[in-house]
Amino acid sequence: RAMAVSPGVVAVLQVTCTDDKEHNWQQCSSLVRRAAARGAQAVFLPEGFDFIGASPQQSLALAEPLDGDIVGRYRQLARECNVWLSLGGFHERGQDWDSTGRIYNCHLLLDSSGVLVAAYRKLHLFEAALPGQPGLREGSFTCAGRELLAPVATPVGKLGLAVCYDLRFPELAQALREAGAQILSFPSAFTVPTGAAHWEVLLRARAIECQCYVVAAAQTGWHNPARASFGHALVADPWGTVVAQCQEGPGLCLAQLDLAYLEQVRRELPVHGHRRRDIFG
């Protein structure tokens, strides 16, 4: 009989990033070190961990390629701390930067030796015209990704990569589950009104319907005078229970991902095998 594997520990970060990259690095890297010291094997950072610009123009100006300074610092940090890092939304100047002048919203995964093992480019670009909120049109300066990445085997489970607004599209989560995901990650910078209404219920719904752990790092508070994020970073288990959640302000929370429990949930309620693929594909 195979030995029981002890649950893997993950840390989920909640931060308030601005257009000051150095400030953001100090804030995020110190939390990563704290998480590693507390036994985390994988640390999840939110969308915009590199910076949150005050305008599309500023975001384009601050964006870097994957071989730039910011990713280099985090690769070194992963090595030093011996942790996997989910860098949940990097403003990437891609290979087509010179021709398009647009960036990608890119979720990077680094292993504990600092190797970039996956780069998922956000498929769904956020656009909303909410009353009393600045109009956000991500598509005006960002290119949409063109592929879903297969889940990546990590020390804490098979991890499916998504970003923020992707949370609203259940077919993406289902496709990751179909491909073997045990963990779904939705690093975010949710607006305050949409977060208050939809954040927790959507994350728990994805956990329940996919029977996966859901890990959601989050931006919180005011990034600049015009933009604030909801926070409430959390981890939900495959039954939909919130097992860890950040309080107000920057910080982190820890959760144990128990894959034996995940298998038990899937065995006892075998919803995945009941999918009508003959009808829905």
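Helices and strands here are DSSP runs, helices having at least four residues and strands at least two, and they are numbered from the N terminus. What you're looking at is a predicted model. Counted that way, the protein chain has eight helices and 17 strands.

Let's start with the overall build. A compact globule of 281 residues would have a radius of gyration near 19 Å, and the protein chain agrees with that at 18 Å. Along the principal axes, its C-alpha atoms fill a box of roughly 55 × 45 × 35 Å. Of the 281 residues, 54% count as buried. Among contacts with a separation of 6 or more, 70% join residues 24 or more positions apart. The accessible surface comes to about 12,400 Å², and carbon and sulfur atoms hold 54% of that.

Now zoom in on His91, which sits in strand E3 (residues 84–92). Is His91 buried or exposed? The cut-off for buried is under 20% relative accessible area, so His91, at 15%, counts as buried. Leaving out residues up to four places away in sequence, His91 touches Gly48, Asp50, Phe51, Ser59, Ala63, Glu64, Ile103 and Tyr104.

Two loop residues are worth a look as well. Gln211 lies between helix H6 (192–210) and strand E12 (213–216), and it has a positive phi of about 50° although it is not a glycine. Gln211 is buried, with a relative accessible area of 2%. His232, in the loop between strand E14 (227–230) and strand E15 (234–236), also has a positive phi, near 60°. At 25% relative accessibility, His232 counts as partly exposed.

Conventions: Residues are numbered from 1 along each chain as its sequence is written. This is a predicted model: local features need pLDDT of at least 70, side-chain atom pairs count only at pLDDT 80 or more; totals for chains, interfaces and linings use all residues. Side-chain values use heavy atoms; hydrogens and water are left out. Buried means under 20% relative accessible area, exposed over 50%, partly exposed in between (1.4 Å probe, protein chains only). Contact means heavy atoms within 4.5 Å. The radius of gyration is taken over C-alpha atoms; the globule rule is 2.2 Å times the number of residues to the power 0.38. Accessible areas come from the Shrake-Rupley method with a 1.4 Å probe; for residues, only the protein chains shown count as cover.
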